[in-house]
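I open these notebook entries to keep a record of what I looked up in the structure, one topic at a time. The structure comes first, and my notes follow.

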2 protein chains.
Amino acid sequence: MTTPIKNDLFLRACRGEKTERPPVWIMRQAGRYMPEYQEIRKETSFLGLCKTPDLAARATMLPIDMLGVDAAILFSDILIPVEAMGLELRFSEHKGPSFPNPVRTREDLGRLLVPDPVASTGFVAEAIRGINRRLDGRVPLIGFSGAPFTLATYMVEGEISKDFSRVKRMMFSDPELLHDLLDRITDTVIRYLSMQLETGIHAYQIFDTWAGSLAPSHYRTFALPYVRRIVDALRKYGVPSILYVNGSCSLLEEMVSAGTDVISVDWRLSLSKVRERVPESRAIQGNLDPVSLLGRPEILREEVRLILDEMKDRPGYIFNLGHGILPETPVPMAKYLVQLIQSGLSAPMPKG
Amino acid sequence: MTTPIKNDLFLRACRGEKTERPPVWIMRQAGRYMPEYQEIRKETSFLGLCKTPDLAARATMLPIDMLGVDAAILFSDILIPVEAMGLELRFSEHKGPSFPNPVRTREDLGRLLVPDPVASTGFVAEAIRGINRRLDGRVPLIGFSGAPFTLATYMVEGEISKDFSRVKRMMFSDPELLHDLLDRITDTVIRYLSMQLETGIHAYQIFDTWAGSLAPSHYRTFALPYVRRIVDALRKYGVPSILYVNGSCSLLEEMVSAGTDVISVDWRLSLSKVRERVPESRAIQGNLDPVSLLGRPEILREEVRLILDEMKDRPGYIFNLGHGILPETPVPMAKYLVQLIQSGLSAPMPKG
């Protein structure tokens, strides 16, 4: 079953090794900015795409074929395991994901399952198998899940939130309820990622996207322990793990203590400072501002140069954005970014 | 003209002095959470309130009379000087502020004025005089303005933005245009705050609310120099200055270098770390998570205790939230917060 990986740059960097050049992949690399993705999306809804293994596999392959990134990431959504817990999930083009029946009370919590991932999200396993067939070992495949706190945020808020006041209100008024919710989500995520790992992914990323909205003391209480439990439970698979937090500046030491092999950071802190705070036993991933892909190529090149300078000679470094690529990104700029990293800054600029 | 200030705790803390207890005020302390404010608002729109000196003065006084905070802050909006530059400003209850004709091109910039603050925003001066009459020296009065980068954000985006992609796109595609815009805003803010200072405010706060969305290198280029220019220009007035950034974790050293007397931080970093990074020559303001006012009083007390412990014996400390108070805050909880600080944690809990 295990096809050897030809381009293993990403996996070596995850393990903290010194690589010839940094590997590069892009969060949301298969996404709305690509006309070819829009073509696939014409066949179904966003959720339909996630649940149709053949389409999900085709979407996953787009940035491999078109940008030449050094890793593939499963096309899916962080909220897929939450829907499997029995919470109706909707996506709208403009407002993003929503849960029409959010979790606000102990009764709401009582209705949530810890689902059997094979029965409820078998389409993910099937997509992973399909992607690996298509990849045929060209690059490694990254699996992922949302982290418990971030998933709880969506489940309690019910929709995209500006200040996370509902989930935090639960934290400040009924912390036991929030802990019980986080506990159930954690059990779900462990099962869900175990399934991904047993099906053949080569690394996994935990997206704690909204944990950066927490004070460090609350991160230590309501986010960190649950991520640590997941990482501990999955260590037996021997597969590299990545922890991403958007707004990670004040949480770096805590993130390191969660135990993942890679610390993935947003653009709001300089990598030279990140280097000082993350021990060399851990790899670092990030952290270009996604908006830089909307500007002039020569400015992008200077931004990339700054990052590469900051990370020069740091073993275990993976180039990525600090957050997902924006839908309005021109494809030639995404290509140029990948080529800049792979060519050591000497790639030709896109025309126009 | 200068009435002596009876409760000068806030001003002494601004100057870095050791105070009997930390002074306390609350960002947006006169706001929608107060029924008495809603009463005043019935008479006019939000913008109408800002522009009617008598109503603005009445709103300013509410938290002084009802909560007993240690400082008053002018009731106004950070966007008032932008409207005076000639950009039509609208407020909607649900979507917040918007500029129907945002600044996107050099032609748009060419239409902006550097207004005479007395002619264009005389209502602010009149409000300040009215507030000082009402205060009669009970507590000091804080004036304020938005910082150039934050104001540019609103002017370029045109409305509340999730990822600030339009203003940052300008940064990455036409940095000269953004600098020229920031330059014009800076001239405006200096004149606008000079007017406030000459009219009788006792301290001023610069709100660079959205500068925390910038990478540190971009903060140093597109935000910091303009704030520094304002602080330098106003130093001659000898009045304490405060710089607030939401998302200040990676910017603290830069904020210190801007030269204000007080560094005001959000809740995402622990004050024990802030203490280590901000020299004792500068006061520190912050940083309770505003959502903690929506929870249980006993949890609020523990949150406040943690902050007071972290800042124990630090000269120059001002208690505040890390961001504006939320409209859904119960007034008894806001009162309780103020009393907790003023009583050294021994205030009686609100019922219910």
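Entry 1: I started with B:S145, whose bridge partner in β5(B) is B:I206. Strands here, as I use the word, are DSSP runs of E of at least two residues, helices are DSSP runs of H or I of at least four residues, and both are numbered from the N terminus. This is a predicted model, in which local features need pLDDT of at least 70 and side-chain atom pairs count only at pLDDT 80 or more, while totals for chains, interfaces and linings use all residues. Residues are numbered from 1 along each chain as its sequence is written, and chains are lettered from A and ligands numbered from 1 in the order in which they are written.

I then looked up the two strands around that bridge: β4 (residues 141-146) and β5 (residues 203-207) of chain B pair in the parallel sense over five bridges, where pairing requires that DSSP finds at least two bridges between two strands. Both belong to an open sheet of seven strands in chain B, with the order β1-β4-β5-β6-β7-β8-β9 and parallel pairing. The edges of this sheet are β1 (72-73) and β9 (317-321) of chain B, each of which pairs on one side only.

**Entry 2: helices across the sheet of chain B.** Helix α8 (residues 122-135) of chain B lies across β1 and β4 of chain B and runs at about 155 degrees to β4(B). Helix α11 (residues 175-199) of chain B lies across β4 and β5 of chain B, at about 170 degrees to β4(B). For these angles I note that axes are lines fitted to C-alpha atoms, for helices over the stretch in contact, and that angles run from 0 to 180 degrees between N-to-C directions. Contact between two residues means that their C-beta atoms, placed from the backbone, lie within 7 Å.

How do α8(B) and α11(B) cross? Their axes come within 9 Å and cross at roughly 25 degrees, and the two helices are therefore roughly parallel to each other, a label given to angles under 35 degrees. The crossing of α8(B) and α11(B) is right-handed, meaning that the near helix is turned clockwise from the far one by less than a right angle. The contact is made by B:V124, B:A125, B:I128 and B:R129 of α8(B) with B:M195, B:Q196 and B:T199 of α11(B). By class, this contact of α8(B) with α11(B) has four nonpolar, two polar and one charged residues; Ala, Val, Leu, Ile, Met, Phe, Trp, Tyr, Cys and Pro count as nonpolar, Asp, Glu, Lys and Arg as charged, and the others, Gly among them, as polar.

**Entry 3: chain A.** In chain A I found an open sheet of seven strands with the order β1-β4-β5-β6-β7-β8-β9 and parallel pairing. Its edges are β1 (72-73) and β9 (317-321) of chain A, each with a single partner strand, so one side of each is left without a neighbour in the sheet. Strand β8 (residues 283-288) of chain A pairs with β9(A) in the parallel sense over five bridges, and the bridge partner of A:G286 in β9(A) is A:F319.

Helix α16 (residues 297-310) and helix α17 (residues 331-343) of chain A pack at an angle of about 40 degrees, with their axes 11 Å apart, and α16(A) passes α17(A) in a right-handed crossing. There A:P297, A:L300, A:R301 and A:V304 in α16(A) meet A:M333, A:Y336, A:L337, A:L340 and A:I341 in α17(A). The residues of this contact divide into eight nonpolar, no polar and one charged.

**Entry 4: the two chains together.** Chain B can be laid on chain A with an RMSD of 0.0 Å by a turn of 180 degrees and a shift of 0.0 Å along the axis. The two copies are thus related as by a two-fold rotation axis; the superposition is by least squares on the C-alpha atoms of residues with pLDDT of at least 70 in both. Of the residues of chain B, B:C249 comes closest to the rotation axis, with its C-alpha at 3.0 Å.

The contact takes 26 residues from chain B and 26 residues from chain A. On the side of chain B that touches chain A, the elements giving two or more residues are α10 (165-173), α12 (216-222) and α16 (297-310) of chain B, and α10(B) gives the most, with five residues. The residues of that side divide into eleven nonpolar, nine polar and six charged.

Conventions
Angles under 35 degrees count as roughly parallel, over 145 as roughly antiparallel, 65 to 115 as roughly perpendicular and the rest as oblique.
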